[in-house]
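Have the model open as you read.

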Amino acid sequence: MTSSSVVEKLAVTRAPSRPRRRGGLPQVGRPGIGWAMPAFLFFGLFALVPLAFGVYLSFTSYEGIRLVPPTWIGLDNWVRLFKDPQVLQSLTVTLILVLLAVVTQTPLSILIGVWAAGNQRGRAIVVAIYFVPLLMSTAAVTVLWASMLDPNFGIPAALPWLFGDGNLLGNQWSALGVIAFIYLWGATPLHTLIYQGAARSIPRTIYQAAEIDGAGTVRQFFSITLPQLRATIVTDVILIVVGTFTTFDLIFILTGGGPNQKTAILPFFMYEQGFQAFDIGYGSAVAIVLVVICGVVSIAMVRLTGFEKMESSQEGV
């Protein structure tokens with residue numbers, strides 16, 4: 001058998017049939033459903049079962065005392081929830097923080113991530129320092145910033161011409177600005193790491209072809225880098241939105257929901273109702289609302305951005 005006939009035979013036997021699933025994307029190289037069963041079982045046991053129990057508790061009156069079982073009260077908690085003005089205020093504050101997180105973290109993470117994907121001199125040292133917040137817990141970071149922003153001995157006390165009375169956490173808008181800044185400082189390195197990995201997966205040959213055509217760095221960024229990162233951008237924005245919706249420890253340690261409940265986002269309000277007021281049923285109703293909002297927002301972003309139709313072998317999508 002000649003070498004050419006061997007090659008032709010291998011080409012015939014190894015040629016993928018490219019089966020396609022409903023929706024048009026190929027299934028080549030993707031394992032069957034059996035590979036995901038352990039993850040599905042884990043998710044069902046530790047996510048779906050507690051969620052179903054939370055839905056049940058939202059229709060009950062329960063103080064969290066083991067000897068006193070929950071009492072079925074029907075829709076009372078839900079009627080109370082939709083009439084509670086604190087719920088609307090907490091939802092408004094949550095949406096403001098989500099918007100601030102998306103508009104600040106996304107562009108900054110993309111720019112630094114694309115830069116970190118290069119081979120500049122000294123890049124490794126700068127990136128190592130930049131990623132330090134990833135090694136610190138949110139509680140430690142929040143305590144650190146609370147001390148640095150203390151109006152008596154922190155940075156505001158040293159710069160009164162810039163911060164006035166220095167009580168940044170005593171006003172709703174300045175407190176929200178501080179929260180958004182600390183969240184930006186602590187979370188951006190993680191999202192930068194995601195964009196760094198995605199940017200490195202873009203073939204160098206595309207940029208070389210663009211350079212031959214005379215495209216500069218800015219043109220390459222907007223015409224090559226951003227389009228190649230589109231699936232990563234959608235995924236990362238969903239992570240930012242869901243992560244901000246579920247932020248709790250930062251608010252709990254830094255402001256405690258103050259001043260006058262003006263920074264109490266939905267997770268903190270849920271904690272107050274469930275574990276401080278011992279109204280587990282009402283707190284469960286707030287938690288279910290939070291889950292529904294996060295699910296609806298995530299699905300809407302996937303649908304509106306056309307994420308399902310995106311296909312890029314370079315990003316593994």
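Of the 317 residues in the chain of this predicted model, 36% are buried. The chain exposes about 18,800 Å², and 68% of that area comes from carbon and sulfur atoms. Its secondary structure amounts to 15 helices and 2 strands. If you look at contacts between residues at least 6 apart in sequence, 66% of them join residues at least 24 apart.

Next, bring in the annotation. The unreviewed UniProt entry places the feature "transmembrane region" at residues 39-59, 91-117, 124-146, 173-195, 237-260 and 280-302. Residues 91-117 are 96% helix and 0% strand, with end C-alpha atoms 37 Å apart. Residues 280-302 are 100% helix and 0% strand, and here the end C-alpha atoms lie 33 Å apart.

Now zoom in on helix α11, residues 217-228. At 1.5 Å a residue, its 12 residues should span 16 Å, and the 15 Å between its end C-alpha atoms agrees with that. Which residues of α11 are buried? They are Gln220, Phe221, Ile224, Thr225 and Gln228. Viewed down the axis of α11, these buried residues fall within an arc of 125°, so they line one face of the helix. The spacing makes sense: an α-helix has 3.6 residues a turn, so residues three or four places apart point the same way.

What do the buried residues of α11 pack against? Their partners are α4 (85-116), α10 (204-212) and α12 (230-245). Turn to the other side of α11 and you will find Val218, Arg219 and Phe222 exposed.

Methods
Residues numbered from 1 in each chain as written. Predicted model: local features only at pLDDT ≥ 70, side-chain atom pairs only at ≥ 80, totals over all residues. Heavy atoms only, no water. UniProt positions renumbered as here; feature names shortened; annotations may be inferred. Helix = DSSP H or I, 4+ residues; strand = E, 2+ residues; numbered from the N terminus. Buried < 20%, exposed > 50% of the residue type's maximum accessible area, 1.4 Å probe, protein only. Contact = heavy atoms within 4.5 Å. Areas by Shrake-Rupley, 256 points an atom, 1.4 Å probe, with all protein chains shown as cover. Expected span 1.5 Å × (residues − 1). Arc of directions from axis to C-beta.
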